[in-house]
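Here are my notes for a first read. Keep the structure open beside them and check each point as you go.

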4 protein chains.
Amino acid sequence: MQTIFHVTVWGEFRHEKKNPKVAEIYPRGMHETIAGFLREAGGMIVSTAVLDEPEHGLTAEVLEKTDVLVWWGHMAHGDVADEVVARVKKRVLEGMGLVVLHSGHYAKIFKALLGTTCSLKWRESTDKERLWNVFPSHPIAEGVGDYFEIPAEEMYGEPFGIPTPDELIFISWFTGGEVFRSGATWTRGHGRIFYFRPGHETYPTYHQKEVQQVIINGVRWARARVNIPDTCPNSPALEPLPEDPEASARPTIGHT
Amino acid sequence: MQTIFHVTVWGEFRHEKKNPKVAEIYPRGMHETIAGFLREAGGMIVSTAVLDEPEHGLTAEVLEKTDVLVWWGHMAHGDVADEVVARVKKRVLEGMGLVVLHSGHYAKIFKALLGTTCSLKWRESTDKERLWNVFPSHPIAEGVGDYFEIPAEEMYGEPFGIPTPDELIFISWFTGGEVFRSGATWTRGHGRIFYFRPGHETYPTYHQKEVQQVIINGVRWARARVNIPDTCPNSPALEPLPEDPEASARPTIGHT
Amino acid sequence: MQTIFHVTVWGEFRHEKKNPKVAEIYPRGMHETIAGFLREAGGMIVSTAVLDEPEHGLTAEVLEKTDVLVWWGHMAHGDVADEVVARVKKRVLEGMGLVVLHSGHYAKIFKALLGTTCSLKWRESTDKERLWNVFPSHPIAEGVGDYFEIPAEEMYGEPFGIPTPDELIFISWFTGGEVFRSGATWTRGHGRIFYFRPGHETYPTYHQKEVQQVIINGVRWARARVNIPDTCPNSPALEPLPEDPEASARPTIGHT
Amino acid sequence: MQTIFHVTVWGEFRHEKKNPKVAEIYPRGMHETIAGFLREAGGMIVSTAVLDEPEHGLTAEVLEKTDVLVWWGHMAHGDVADEVVARVKKRVLEGMGLVVLHSGHYAKIFKALLGTTCSLKWRESTDKERLWNVFPSHPIAEGVGDYFEIPAEEMYGEPFGIPTPDELIFISWFTGGEVFRSGATWTRGHGRIFYFRPGHETYPTYHQKEVQQVIINGVRWARARVNIPDTCPNSPALEPLPEDPEASARPTIGHT
């Protein structure tokens, strides 16, 4: 449990190339900034992958050795191949952790795992965001006090189209009058999922210490503990059963 | 809330045509048996639809007026068109109720809404199933005592690859030594989902009063209360914000 | 299920006698205002009870016929007799609904049922409260839009010392910068509990239509469906067991 | 997080003195057997305490340094002083973990934290218990396969009078026909609670490796991560508020 584990930070890496403001904030890409503070945190080996690599950098080999996948995407959700989404989903259900950031709420992988619209209200303006810690004993909230603030961020507002989280960790307050469930977890299959709201590309959010701490905590919390492939086995009885007069006649229809 | 509501019972209707034993138990099809006892229960207008109808009988018009969809499928999950699955999913997220029966655990619609494998152990033999009522005050358990038994049924065993249910209502005991979470609910979007395990096609399960009662209860519980289309609106501030020096420069990238 | 049911509105009824401002807002007591709009809503027979009656008006007879108890208390939680608290708790666990309002978060009965501190942050000032509806399909949110506002209210802030709610319906935004889980449900035993935050005695909150609608919805949602007394029975086997060589030697120690 | 932590195993230690059969199985007391395998597991400093010590061995000093308290009681729940129960409860709400075993379902501390009856069905006979693992990726299920068996145990059956668990890990199958939610977790305040069913005093259950592994896992999972005292602070605004014309007139009534 304490051995070094493997993290892959996936970035869409498009805004950084198109918008000089974003490039100024994240010169090497948002994924490299995120990978950077995870490496500094220690205890993990961190790689990156981006949309424009072959198979988006998420080959079966890469995923097989990944314990936690961090996901940031926004303008190009539709360019992510369904085949890769299916591959990532399979790995999460087998045990790989997934940390989804900000606009990743609309990533195919997030919607496929949660099954809902994942829609929300939004506004890109001058809101301040204050994240209230409603689960102080949760490992993801470690080192966070009662709340912390992000001086300027995009607003996300309720209702947020998600299934009820297993655990609700942060609720955000926005200057403009909205609230949002901004830190939440789910277990799907054998994998743990953490959604964390902050991180619009035009604000320097991932340079902020508190935000980094939460992501580090989230990655540690989500790390894979098992790797269990999917099966749906025909299973013999463990206790004596009455005789089955029709045994020979029963078709063996598998569950497919 | 007390007005008459509309139920569509969807049946795969293949086993009944291929297996004389199934045809003997359900001469007009399983869907007609289920529709029959729902009609007798009253308070609802019940239609049926089957796989081999055009669009599987689930046109946009049919779904729009359906408050609860009941689903039984098994050998032909793969023949259900993805387009129809997407249409049904959209309606559940808007508010339509969904009652999924037995082998429907592997229906595309169930897996798409829950996001997990929905796999399980299984055995078609001579097991008795005893369903224990673990949520006696739940409307779906109304009229059910501490437990009821089905003399012979296919066994489904844990682990069951589902997200933690919002509510767990029944746990089954099987002669052969297994247990199963056999009655469970989830809310997804604005729709309520009830999964109920019993009902393998080669046993007369849907003729049993207790099973019928639970399905009637489940349909009543799941009936649509709202019909809310999906939106992800750009939302103006409700409280004064600081001025936005970059307002004119902000690209209006929609959430898509 | 649609028959008329019985509601008892319990009020502490002390502030109204001591503070002229409160008396001005609620001349006949807060409990009478609440009982009044419940009566108008229809479908229920509404009684009231107050702290200074014998047994606080909550005799075994009163509770036995009560389907939903509404609770408002604040300055005199300590004056509620433990014996009455135990009696109310027993009835909730048997199936009676309980709607706890505002400062009732610190009522003995609420803390006894939830098991936690139920502490929070608070400030009596000029905050506006905006309640966001995060569960639009829930019966308690019926008729409420995306949000509604209370022009002036006491602030309650997170962290709120409650167990994770079964269902989270409202999250409040306050002018002063806080958020709060202000509408939440739990099932305890066979009874349903709804906590609703608004209603400080110095503001005319219970005269506001939206607040009344939520309380009416909450009372309807919480109404008792069962009345199941507590037992912990020694239970004979339902299936054949191996012989028990020590049967005669086994002490029959009850679970007490 | 990886530093050594402190565990206190609390035993009622009465059956062992009264019943020779129990004394034969657990010559030094059940608590010493449990403490023994926890010590062998490593990473923790394990102490014991029993009912007949002053303050039941659970002084404020002992509790303050305890990270996880393990609890086994049965015939003498009523002899545990309410003052000690209140002290333990306070510590759990502040962050101390609590592992409750078997008949501890009726311990005052368990009922006080959960708020429900915690009643169940029971039978002391020749049942075999098979515990199915329904949450294979949970740390408490680490090293447990799909299921494990206890050759003979007391039966506990549903309905079990608990609040819906945060996490359900094990469901038991009993020869006599019952099922039971036999491994479940809750967070209450800042403390984690794990209930684990097996361990009737007349069976050698705590000598079985699988049972020991689950308890070791449970203790590790429940260890205190925080120590947060209860407060209910009057909290100044973090954002500008309108002026309060009645500020001087507002009584400062604390939340008590």
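1. One term comes up first. A residue is buried if 20 or more other C-beta atoms lie within 10 Å of its own, and exposed if 12 or fewer do. Keep in mind that this is a predicted model.

2. Start with strand S6 of chain B, residues 129–133. Glu129(B), Leu131(B) and Asn133(B) point one way from S6(B), while Arg130(B) and Trp132(B) point the other way. In a regular strand the side chains alternate between the two faces of the sheet. Both groups in S6(B) are buried. Five of the five residues are buried, so S6(B) is largely enclosed by the rest of the structure.

3. Which strands does S6(B) pair with? One partner is strand S7 of chain B (residues 147–150), joined to S6(B) by four bridges and running antiparallel. Here Glu129(B) stands opposite Ile150(B). Another partner is strand S9 of chain B (residues 167–174), also antiparallel, with five bridges. There Trp132(B) has Ile171(B) as its bridge partner.

4. Now look at how chain B meets chain A. The contact takes 45 residues from chain B and 45 residues from chain A. On the chain B side, helix H6 (108–114), strand S5 (121–123) and strand S10 (179–188) are the elements that give two or more residues. By class, that side has 18 nonpolar, 17 polar and 10 charged residues.

5. A rotation of 180 degrees superposes chain B on chain C, with 0.0 Å of shift along the axis and an RMSD of 0.0 Å. The two copies are thus related as by a two-fold rotation axis. In chain B, the C-alpha nearest this axis belongs to Asp166(B), 3.9 Å away. The same surface serves both copies, since 100% of the contact residues of chain B recur in chain C.

6. Next, the nonpolar cores. The largest has 153 residues. Those with the most contacts inside it are Val70, Trp71 and Val99 of chain A, and Val70, Trp71 and Val99 of chain C. Helix H7 of chain A (residues 209–222) gives this core its largest share, seven residues. Trp71(A) touches residues including Trp10(A), Leu98(A), Gly104(A) and Ile109(A), with neighbours within four places in sequence left aside. A second, separate core has 152 residues, among them Leu98(B), Ile109(D), Ile150(D) and Ile169(D).

7. Compare helix H7 of chain C (residues 209–222). H7(C) has 14 residues and reaches 20 Å from its first C-alpha to its last, close to the 20 Å expected at 1.5 Å a residue. Its buried residues include Val211(C), Ile215(C), Arg220(C) and Ala222(C).

8. Last, Val85(D). Is this residue buried or exposed? Val85(D) counts as buried, because it has 20 C-beta neighbours inside 10 Å. Val85(D) lies in helix H5 of chain D, residues 82–94. Beyond four places in sequence, Val85(D) touches Val80(D), Lys108(D), Ile109(D) and Ala112(D).

Notes: Residues numbered from 1 in each chain as written. Chains lettered and ligands numbered in written order. Predicted model: local features only at pLDDT ≥ 70, side-chain atom pairs only at ≥ 80, totals over all residues. Contact = placed C-beta atoms within 7 Å. Nonpolar A, V, L, I, M, F, W, Y, C, P; charged D, E, K, R; others polar. Least-squares fit on C-alpha atoms with pLDDT ≥ 70 in both. Expected span 1.5 Å × (residues − 1). Pairing = 2+ DSSP bridges. Core = buried A, V, L, I, M, F, W, Y, C linked by C-beta atoms within 7 Å.
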